[in-house]
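Have a look at the model first, then read on.

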Amino acid sequence: MALTLSRPAVIALPRARRWPAALVAGVAILGMFAIFSAVGPWIVPYDVEQFHRASALQAPSHAFWFGTDRYGRDVLSRVVVGSRSTLTMAAAGTLLGVALGLVLGLGSGYVGGRPDEALMRVMDIVMSFPSLLLALLVVSVLGASAVNAVLSIAVVFVPRVARVVRSAALGLRTAEFVEAAQVRGERASWIVTREILPNLWPPIIVEACVRMSFAVLMSVSLSYLGLGAQPPTPDWGLMVAKERAFLVQAPWVVLFPAGAIVTLVIGVNLLGDGLREWLMARKSADE
Amino acid sequence: MSDAVLEVRDLSVAYATPAGVVHAVRGASLSVAAGETVALVGESGSGKSSLAFAVMRALDANGRVTHGSIRFQGDELLALGPAALQRVRGSRIAMVFQDPHTALNPTITVGEQVAEVLRAHTRVPRAQARQRALELFAQVNLADAGRVYARYPHELSGGQQQRIVIAMAFACAPELLIMDEPTTGLDVTTEARILDLIAEMKTRHRPGILYITHNLGVVARFCDRVVVMYAGEIVEEGSVRRVFAAPSHPYTRGLLACLPRLDRVKHDGPLAAIEGALPSLLDPPRACVFEERCPDRRAVCAQSKPALAALPEGGAVRCVRWTELPAFRVATHEDAAGAVMAATERDLSAAPPLLAIDELRCHYPVRRTLAETLRRLPARAVRAVDGVSLDLARAVTLAVVGESGCGKTTLGRAIVGLLAPSAGNVRFGGAALAGLAQHRARDLRRRIQVIFQNPEATLNPQRTVGQALGRPLELFGLARGAERDRRVRELLAAVHLPPHYADRYPHELSGGEKQRVAIARAFAAEPEVIVCDEPLSALDVSVQAAVLNLLVDLQRRSATAYLFISHDLSVVRYVSDRVAVMYMGRLCEEGTAHDVFAPPYHPYTEALLSAIPIADPAVRQRRVRLEGPVPSAVDPGPGCRFHSRCPRKLGAICETTAPPARVAPSGHRIWCHIPLDDLNRIPPVVERMEVAPS
């Protein structure tokens, strides 16, 4: 006698989701900070430089949602406006690092052989320095400023991005469509930019998101050490550094900027994970 | 059928995918009796593997058996819990997969792996398990079983690995054996030996075998019954003799008719391809699944799903019109005007060569080990191509045949300029060709094009079909702007694709369509020579026939010469005018297709012809089997490359002296120490048995 599984098959089968939750959450968090950094000064309740001497180190209240610091400045306003400095430094550092790493990795992967070997060994040497140490080295040579902090982040990122791009490019170099282009006699520049590069965007985008979360941490670290954003710019790293003496007495002066850092890092990581999941789902749907 | 080992009733399998629910198998019923070998035949997407995985209860995580029953020796497999299933799998039901590489654990010696299976299922003591494993190794004809026992999988060849997997499958004397394309990744001569082995093990142990394959030739060789699947449904079932002689379902008839055969060549007319594509399994047709592509369809076919009708001579067919179809007959060479063909062959061989390959050598240095470097030993080289001379004339197809590692692909790559030869030269239209494509003049690059094997990798996923076809037109200055777009549409029409495909991306195309685009891209440059590197081997048989017809048709219209690299002798027989057989970087034999496929043979060609699976039970092949694996192409020694495996080896001369070319009056060349007269006396390998009509 035949056994019939009476389970309604179509409903029992799990359906693949189109939009990963991580992607949605990541975009929401990053979008919020992007809006803050774009229009922050116009939406905050107080000017970031305005001293309210009478209400210094006041706990969160109806008037000051995140409390005030030692000069009586509104912490909420400073956190919101401060997102601009962190986000700009991190994004600029990431973009610069990814762009340079992309060019080096792509060239190295396509050319191959000895030049590739030599370049990758140099990258290994750069990578053997701990990230923050290398960034400190660069900033202390060039001088403390936001621009130099961006440069130092880029220097740290270049070898890491180059490795990822190179390995992806190496895989594509022997793909049949690339060989077909070689048989046609296409120039190397055409093959690299038209045949290989368009297929590299998914891993590059995911890598850029991963880098971005490190960039946020590095930029606030540099600012904290006084090597990034300079006072009186409202900056999360600077805020934590300058107000840390009041941590016990008035914890909000440190906790809110620190919380903003954590939220942003989590947001960028979620975005990276979500993008990876989404790109993979799209790829398998195509197949 | 009470004696059935396996009884599948009304089985349906579905998969959840992002695009929706794929109904991979629908209402399939089949049974396997003890000692019987049942072939489950179908193309990709037919659901044959899903059915097998359902029987093993090993469907992917997103797959479910939605309906039906699978009984093994009367017990319902779908009702078994994990522990009970574990006891059945591996001991009473065993499985052999396509890729022996992934079936074996790379970190354990192969002997231990087989002994482990025995210990897990039979609780025999360690020493006895080892003894039994050694016996099995001897049964699967592994020479020197004791030494093989202690080897790791990577130390063995593909054929040896598959023997181990087969030994493992037979270890616990299973009642049912499921084999999923067990010889697909192997070379033909290895495949032939593995099939012999399975047949031998079958008579010894008499398990029921469910043999899943797309290769009808393998089915004809050693199965008892055939079940044909199409788009998730069983369309025909019956004895091998009946199905091959008198197929009843139009799909089965189409499959048998579209196969290239040794008794049919391109001058006899096109192959009977099955037009169209598999219906979507997201929403399978309510009526006959094959209706869309059926050459014999009528209005009634689109109305309701035909039931599986029993045939008078046994078996069943799912077609309403099977009684009305004419008697099945495959067109053969004898049907066509043979005289016309012979004349064409003569004309072509007289033409001056377009491409002249002279003593071409491609050696790759092998990286020296530290010890070798310190001892200042010279660097050794893999001699992928080692002194090959061939001529290719206009409008001629020269097939280069051989097994993996013989250097045929390297030869093709050297000609198109993907790698530089180490010595020798290639002349094209009288002018010497530079090694790499980038050093060749633009016009020379245009005149030599290439078609690759893998349709999935041959097109850039980020560029539309129109961009892919337009690029060579622009690059070679053939057409621009509106004229280019017009040419793209013409090219699409030439490969039988509609013009709106120009805007599609490769992932929107099927494998066969991608290969058509690749062919159009090669022809866009208006070349004189196209190197076709296994252009059909990744395609399903029904698609293969259409692409093959297309290549022949385009050649006839454009007078392009093909260098056709292939391992499939049936395809080569159909498509080629001249054939070169390669073994370990050297030529064994070269001549017109007619000469190469008939005596005198090179002993290697003889073995190849004996090994090809022919989808016709009425054809008999004399049994010639090669022992041992293909030896290393590093330092092959001064003698004949084939001497270590040659069944007709003369003696020491074969090892010490390179064989001379024996040239027949027709220009047919055979490189062998055996004199031509003796080679002439070798009887034909393939013969058609005259069977009395039953």
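Two strands count as paired if DSSP finds at least two bridges between them. Keep in mind that this is a predicted model. With that in hand, here's how two parts of chain B are put together.

**The open sheet**
- Four strands of chain B line up as β14-β13-β16-β17 in an open sheet, with antiparallel pairing.
- Because β14 (381-393) and β17 (431-432) of chain B sit at the edges with a single partner strand each, one side of each has no neighbour in the sheet.
- Helix α14 (residues 408-416) of chain B packs on this sheet and touches β13, β14 and β16 of chain B. The helix direction makes about 65 degrees with that of β14(B).
- Inside the sheet, β13 (residues 353-365) and β16 (residues 423-428) of chain B are held in antiparallel pairing by five bridges.

**Around β10**
- Strand β10 (residues 233-239) of chain B is mostly covered, with six of its seven residues buried.
- β9 (residues 225-230) of chain B runs antiparallel to β10(B), and six bridges join the two. One of the pairs to look for is R225(B) with S239(B) in β10(B).
- β9(B) and β10(B) make a hairpin with two residues between them. In that turn, A231(B) has a positive phi of about 50 degrees.
- β10(B) also pairs with β12 (residues 316-317) of chain B, again antiparallel, over two bridges. Here E236(B) has V317(B) in β12(B) as its bridge partner.

Terms used: Residues are numbered from 1 along each chain as its sequence is written. Chains are lettered from A and ligands numbered from 1 in the order in which they are written. This is a predicted model: local features need pLDDT of at least 70, side-chain atom pairs count only at pLDDT 80 or more; totals for chains, interfaces and linings use all residues. Two residues are in contact if their C-beta atoms, placed from the backbone, lie within 7 Å. Axes are lines fitted to C-alpha atoms, for helices over the stretch in contact, and angles run from 0 to 180 degrees between N-to-C directions. A residue is buried if 20 or more other C-beta atoms lie within 10 Å of its own, exposed if 12 or fewer, and partly exposed in between; C-beta atoms are placed from the backbone.
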